[in-house]
Amino acid sequence: MGLFGSPKIDGKELQECLAYFEAQTRVVSFQTKEADLYNNAMVKYGNSITENPLAAREACKAANRLAQSATEVLRRHQEIKNVPAAASAMHYAWYVAFDANRTWALATSKAIEAMAEGMDPHTMYVQQLVGQYQKAWRKADDEDKKFLKRLKVNGEEIAKIVARATSINATDDDWEPQVCG
């Protein structure tokens, strides 16, 4: 270790860190894809939940899928094995972010169901949870950047890893939520 900063990461440890980064990027990519599906449904149906039964049904389906996918994201994150010591802060930060996401998604699903049934949703609580989730996501993203900076790998290599991780999700991930009654 030099006088300042962390020890250089190279050799086998670097390869383990890059493999971990790719696995973690797959989880983030899955979460992002599912969030995009939810956001698109809310843009399409969100403003007419209370007046239009079809919109209410579609919004409820989207929110339920979001909640299920948030649980799946957390499961996938916890499934990552062999977390290198150099990645432990990032791994923990992503756990906190994914857990906050799941908590928010579950509350959002319940709030949308309440709206669809003509009840008053607990929007202040959901707003509080989204704030916690966004704060945790920013912290995880910051830890991601610190981790990559420590690896001292060129941007092209990181871009290849990200492209590989995101293309795997797009083509090979056949996860589907459970259909609810």
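# Legends to the close-up views

**View 1. Gln24 lies in helix α1.** The model shown here is predicted: local features need pLDDT of at least 70, side-chain atom pairs count only at pLDDT 80 or more, and totals for chains, interfaces and linings use all residues. Residues are numbered from 1 along each chain as its sequence is written, and side-chain values use heavy atoms, with hydrogens and water left out. Helices are DSSP runs of H or I with at least four residues, strands are runs of E with at least two, and both are numbered from the N terminus. Is Gln24 buried or exposed? Gln24 is buried, because its relative accessible area is 1%; buried means under 20%, exposed over 50% and partly exposed in between, with a 1.4 Å probe and protein chains only. Setting aside neighbours within four places in sequence, Gln24 is in contact with His77, Ile80, Met90, His91, Trp94 and Phe98. Contact means heavy atoms within 4.5 Å.

**View 2. Helix α1 meets helix α3.** The axes of α1 (residues 11-45) and α3 (residues 88-116) come within 12 Å and cross at roughly 20°. This angle makes α1 roughly parallel to α3. Axes are lines fitted to C-alpha atoms, for helices over the stretch in contact, and angles run from 0 to 180 degrees between N-to-C directions. Angles under 35 degrees count as roughly parallel, over 145 as roughly antiparallel, 65 to 115 as roughly perpendicular and the rest as oblique. The crossing of α1 and α3 is left-handed; that is, the near helix is turned anticlockwise from the far one by less than a right angle, while clockwise would be right-handed. From α1, the contact residues include Tyr20, Gln24 and Met42, and those from α3 include Met90, Trp94 and Ile112. By class, this contact of α1 with α3 has 11 nonpolar, 5 polar and no charged residues. Ala, Val, Leu, Ile, Met, Phe, Trp, Tyr, Cys and Pro count as nonpolar, Asp, Glu, Lys and Arg as charged, and the others, Gly among them, as polar.

**View 3. Helix α2 packs with α3.** The axes of α2 (residues 53-79) and α3 are 8 Å apart, at an angle of about 160°. The two helices are therefore roughly antiparallel to each other. α2 passes α3 in a left-handed crossing. The contact of α2 with α3 has 17 nonpolar, 7 polar and 3 charged residues.

**View 4. Helix α3 also packs with α4.** Here the angle is about 160° and the axes are 8 Å apart. That makes α3 roughly antiparallel to α4. Their crossing is left-handed. The contact of α3 with α4 is made up of 20 nonpolar, 4 polar and 4 charged residues.

**View 5. Helix α4 covers residues 123-151.** At 1.5 Å a residue, its 29 residues should span 42 Å, and the end C-alpha atoms are 42 Å apart, which agrees; the expected span is 1.5 Å times one less than the number of residues. Among the buried residues of α4 are Tyr133, Trp137, Glu143, Asp144 and Phe147. α1 and α3 are among the elements that cover the buried residues of α4. Gly131, also in α4, is partly exposed, with a relative accessible area of 31%. Just after α4, Lys152 takes a positive phi of about 50°.
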